[in-house]
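This report is for a reader who is meeting the structure for the first time. Please look over the sequence and the model before reading on.

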Protein chains: 2
Amino acid sequence: MGLNLSGLQALFEPRSIAILGASSDPAKIGGRPISFLRDNGFAGVIYPVNPRHEEIQGLTAYAHLTDIPEQVDLALIAVPRPAVLAAVRSCADAAVRAVTIFSAGFAETGDEEGTLLQAQISDIARETGLRVLGPNCLGSVNRRHGVSASFAASEREPRPAGNTGGIALISQSGAVAAYCVLAGLRRGITFDPWISTGNEADVSLADCLAYLALDDDVKVIAVYLEGSRDGDDLRAALAIARDRGKPVVLVKAGRSEAGSKAAASHTASLVGSDETFQALARQYHVCVAESLDDLINLAYTFGFAALHGGTRTGVITSSGGAGILMADAAADVGLEMPPLPPQVQAQLRAVWPAAGVGNPIDTTGQLVNDGRLLSEFLQVVLRERVFDSLIVFLSYIGMFPDWSPVAVDALSDARDKYPDAEISVAMLTTPDVRRQVEALRIRAFDDPTTAVRALGRAISVTRGLAEDPPLPPRGRGPATVPVPAGTVLSEFDSAALLEAAGIPVAPRRRVHSAAAAASAAAELGVPVAVKIISADLLHKSDVGGVILNVPGPDAAAEAYHQVITSAQAAAPGAAIDGVLLSPMISGGTETIIGVSNDPVFGPTVMFGLGGVFVESIRDVTFRLAPFTPAEALRMVSEIRGRSALESPRGGRRRDLDALARTLSALSVYADEHREDIQSIDVNPLIVLGDGDGVVAVDAVITGR
Amino acid sequence: MGLNLSGLQALFEPRSIAILGASSDPAKIGGRPISFLRDNGFAGVIYPVNPRHEEIQGLTAYAHLTDIPEQVDLALIAVPRPAVLAAVRSCADAAVRAVTIFSAGFAETGDEEGTLLQAQISDIARETGLRVLGPNCLGSVNRRHGVSASFAASEREPRPAGNTGGIALISQSGAVAAYCVLAGLRRGITFDPWISTGNEADVSLADCLAYLALDDDVKVIAVYLEGSRDGDDLRAALAIARDRGKPVVLVKAGRSEAGSKAAASHTASLVGSDETFQALARQYHVCVAESLDDLINLAYTFGFAALHGGTRTGVITSSGGAGILMADAAADVGLEMPPLPPQVQAQLRAVWPAAGVGNPIDTTGQLVNDGRLLSEFLQVVLRERVFDSLIVFLSYIGMFPDWSPVAVDALSDARDKYPDAEISVAMLTTPDVRRQVEALRIRAFDDPTTAVRALGRAISVTRGLAEDPPLPPRGRGPATVPVPAGTVLSEFDSAALLEAAGIPVAPRRRVHSAAAAASAAAELGVPVAVKIISADLLHKSDVGGVILNVPGPDAAAEAYHQVITSAQAAAPGAAIDGVLLSPMISGGTETIIGVSNDPVFGPTVMFGLGGVFVESIRDVTFRLAPFTPAEALRMVSEIRGRSALESPRGGRRRDLDALARTLSALSVYADEHREDIQSIDVNPLIVLGDGDGVVAVDAVITGR
């Protein structure tokens, strides 16, 4: 469909808002937004629309939209389902710029009437340019602009002091959005703006994501994703965020088979495979959250302040035990914990001889007896700039008024002297102590493992966003690839196409006589493989259509007859298109590369080692097409059995660069021809010794 | 050392407590326990000991321990390090039953003086029978008996109402113990008893674990473990818990290399390998926690009420989105979510036509508009008894006074009618609503994924504890195995020992002449393998000492000369002990089994597939010896490449029963001879087709 950002400013930053189905009761769906907008300081004009009232919640009510004297940016539709379509039409007629439909009972019901009504709403949006959020959504909130265009209970809650701002949320589920907003508020984290996209009759999650990615006030975007009708749009939106270095934290519902089934029945959109989603996350540097709680923590980690991507991490802890748990967590998420240089260790020992001066640095419980100890430790460690970031575990001292100043004062001294130091704290606190710590621009977590895990993942994504070159542009190739829909090309025809696309394929000859086979064998060099060519015979070996290691020209002539006879006997009706000869490749490591066209995200390239690796343990990895050779090298590094390529037993390192170029070339080809090609299987692709390249020995392309 | 439970009752349920180094200041370490004991209702007698006061905190103070008129159960030692040893001696002299040493500065410092002092304390304990908790510990708390024998800040905090009790905690780190206790209190969970074991000069974590495992009031034991000086003791204590079906939830610090290094410098005890620890956890059905937060959640899940082990799980949710996340989490932790039978679906649809009636069952947000909807859904689902347990997600309605009755009333109706139903809830609540839910014997979590993950893992451990037969007893074999310390037995000698232990080994002959080789080949049947026998030549192949597939008697005679010549040329000094012939085994799947003697937990058996599986991807699994054939079958099922055994390409299923018997036999042998044997390598063990058994083709035993 393509991303569509037009009208989104009117939707998310309206200066005038009409409420269709406005209610005098501030507890009702049609009454709540009015009360929220007023309580939360909306500076624009609010127009309640309801023919049965002259005044609603102290505001002049209008009988009809057309009675409103000015153009309306946003209309909120809170009328019963049967009245929704007419309401949307009236908005389009009145040149309203955007509507949000709270009402439910559309495509999410699965019934014909609801689905049809929603399609009609989509039509109006497409035809008139009216932007429609929902139906069946909780609306959107953008308190920077005083906008509470929602009936969510969260909007009547006070926002915490010291709201850091810039942590945005987009959710395909309204209830999940409200849960996250409230769970966030409870621990002092404010999601703003937040958007519930509902059934996405028009405005999609991808549109919202692109819109927020372009908003400089937004530091991080948290996303709850169930499915996507248009994977290309989502990729385009993620590409905008990636190019701008803006982190996206995402929880994906429907990872499992059971979850995916539940998602399919809950949403009208396609779910796609989890393998493809994981590939998407890696390529676009999306930070994947494991739960809503994790989503909130990660959003906080990114949104509280910008991170640099340095992994050298120091841990200062009041508990040796917690320090060990933090070292374990650091190892899990790729944070290094280099030791302190000896002279720094000596400085710390001078402060407190019983301290642990490795890394973790253990102040011991002494820090509550000696009010200066923590401060001195922080100063020494920060002065030496050994670490890119510091995580300080202070157990429970933030819970007790007699001890919390030890923490707050020491951190305050540290911040004064080192305004740019990257510091996070894990400790139990009162809400007030938490605010004091955060006011120092120091992140505050409770659990030490949670703190390290969140920081490590956020740092890794930050580094990826900063260092990785932009993704290759998506292309569309010349329409020179006649792969008829649903048909399977023969190995011979597939090989020709792949070779043209830059994939090295074994030399081959197609012959139509035994004599030609003999001379082809002589030309190619023996031993050769002799195979039947037939688009009707998918499994050539199963019909006796393949003879390997044919030792010479005479044997090749014999093999010619044999594969034809066998194939004809096994499949009498099969159209035989000749016999293929190619030299046997000796040495190297067998790999498999393949492309499948994901219903949501398009061509996805798989890479794995051949034989038992793929068959028994599915040791494979995926990327969305297209990708660069550098990305392909990362794929190779993700394979558990990679030592078979990097340091094969009894052989030299394989040509990984050629492998990477080939994977990348295949991905570009698959992307360009995504309208024509359903799948490509290259099995095996033999990776030869370093410098000797790769060679595809068998390949099949299937049309879409 | 052996578990030692004597005197632990005096330590943890004392009727009289003396405080050495008692202080009038209730904020000081020597003052706090007095104030805590009085505030928390200790019914026994408190004897402050301090020669400089006549009265301390309103109690008569005693100048010396010997002035106390009765025998003292427990003495708390809060004197400076230089005075500790004398204090311990005075306690032993006065026939005090147990002491807890708060003072620090012993083995944890790593300095010679501290280490020596601690050893002297251990000596006194061993010689006099005085039990010693600590030094360098936070003490122990057992509020059921009014005992706050600790200076932890947590003891001045009020306990929450509706304390469920029975959730015990043992920690090798005092700070971690206090953190967990306070983090628990903050969310309404009480750890009681809780024990900080510190440096474990005498009383070990294993002793405490066994003691609590035998206490019927304790429902679950949460453990923070850094290392264990005596793995056999820990295994013995875990075996007691396992036999009594008592769940142990454990967080292990030092899993990673960095963490393990930090642990080694923080504790005097050995850490052991993570692989061995994971094996221990599986065999003893220990529920492994991933963080302190997770430890607290899991302890709550077990301790709140007994679980049955049924995995059929129903999810009722007010948010379709959260339902999908819960289905994903259920799949991760092995919970099944069967669909509702059609007639039950119809009943739910009759209540609310827009409901999702699969599983997850989606009430939609309608439940806040229709106060009876949730109650009716619960009643229908519980009446039909489709599920073993029910998890209900209610988003944030427990936060709002106008909505929370919807939840509480419906759950209350459900509990009235179904007193035994296993129900848990995930929703944001006020503390008060949380208590109302828990008063209905319904677990209350916040995050839906966290709830499902905790329940799933707890249910799995519960099922394991209920269903698994007891572990085989540990044995000690007859001292008939002369494996000299540190030496390596030849393949021929190793094979003889393993065959005697019940491991099928390929037939073999040792010969000392070419003629004998020829006739041995004829006897064994050709082709044969011919190998040099020499304990000096570990890598026979590398010195040309192995010739495989020798086709006949004459060739065997030739091969005899060849392996001797090659070996002598490569290693002139090597003692050659003949030449070994054995028939080549054809068919089957190569596996590797091995034993290594873990410094903490003793012989550990590894199993994996041979060749690339072990070399490239380390597709292996571990168990502590000894174990049953049933446990061995579980090992096989954990291997990623198990299809090579279960459904090998082009072959029939392998003899898994024989494999399991062999693994078990090896484990029993390794356990019995753990004093003599350091490692055993059987590589390969060929697993033949079903019914044809297994055969070890090469093996080496190394002495300890």
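## Chain A as a whole

Of the 704 residues in chain A, 57% are buried. The model is a predicted one. Along the principal axes, the C-alpha atoms of chain A fill a box of roughly 95 × 80 × 35 Å.

Chain A has 23 helices and 29 strands. When contacts between residues at least 6 apart in sequence are considered, 72% of those in chain A join residues at least 24 apart.

## How the two chains meet

On chain A, 67 residues are in contact with 67 residues of chain B. Several helices of chain A each supply at least two residues to the side that touches chain B, among them helix H5 (174-186), helix H10 (292-304) and helix H16 (448-467). The helix that gives the most to this side is H11(A), with eleven residues. By class, the side of chain A that touches chain B consists of 30 nonpolar, 23 polar and 14 charged residues.

## A parallel sheet in chain A

In chain A, five strands form an open sheet with parallel pairing, in the order S16-S15-S17-S18-S19. Strand S16 (361-362) and strand S19 (443-445) of chain A are the edge strands, and each pairs on one side only.

Strand S15 (residues 313-317) of chain A runs parallel to S16(A), and two bridges join them. Opposite A:Ile316 stands A:Ile361 in S16(A).

## A hairpin with a covered strand

Strand S8 (residues 139-142) of chain A pairs with S9(A) in the antiparallel sense over four bridges. A:Ser140 has A:Ala149 in S9(A) as its bridge partner. The two strands, S8(A) and S9(A), form a hairpin with four residues between them, and A:Gly146 in the turn has a positive phi of about 70°.

In a regular strand, side chains alternate between the two faces of the sheet. Strand S9 (residues 147-150) of chain A is covered on both faces: A:Val147 and A:Ala149 are buried on one side, and A:Ser148 and A:Ser150 are buried on the other.

## A mixed sheet in chain B

Chain B has an open sheet of seven strands with mixed pairing, in the order S9-S8-S11-S10-S12-S13-S14. Its edge strands are strand S9 (147-150) and strand S14 (287-288) of chain B, each of which pairs on one side only.

Five bridges link strand S12 (residues 220-225) of chain B and strand S13 (residues 248-252) of chain B, which pair in the parallel sense. B:Val223 is opposite B:Leu250 in S13(B). Helix H6 (residues 205-213) of chain B packs on the sheet and touches strand S10 (167-171), strand S11 (194-196) and S12 of chain B. The direction of H6 makes about 170° with that of S12(B).

## One buried residue in a helix

A:Val636 lies in helix H21 (residues 629-638) of chain A. A:Val636 counts as buried because 20 other C-beta atoms lie within 10 Å, and the cut-off for a buried residue is 20 or more.

Leaving aside neighbours within four places in sequence, A:Val636 is in contact with A:Arg642, A:Leu645, A:Leu656, A:Leu659 and A:Ala660. A:Leu656 is 20 residues from A:Val636 in sequence, and their C-alpha atoms are 8.2 Å apart in space.

Terms used:
Residues numbered from 1 in each chain as written. Chains lettered and ligands numbered in written order. Contact = placed C-beta atoms within 7 Å. Nonpolar A, V, L, I, M, F, W, Y, C, P; charged D, E, K, R; others polar. Pairing = 2+ DSSP bridges. Buried ≥ 20, exposed ≤ 12 C-beta atoms within 10 Å, placed from the backbone. Axes fitted to C-alpha atoms, helices over the stretch in contact; angles between N-to-C directions.
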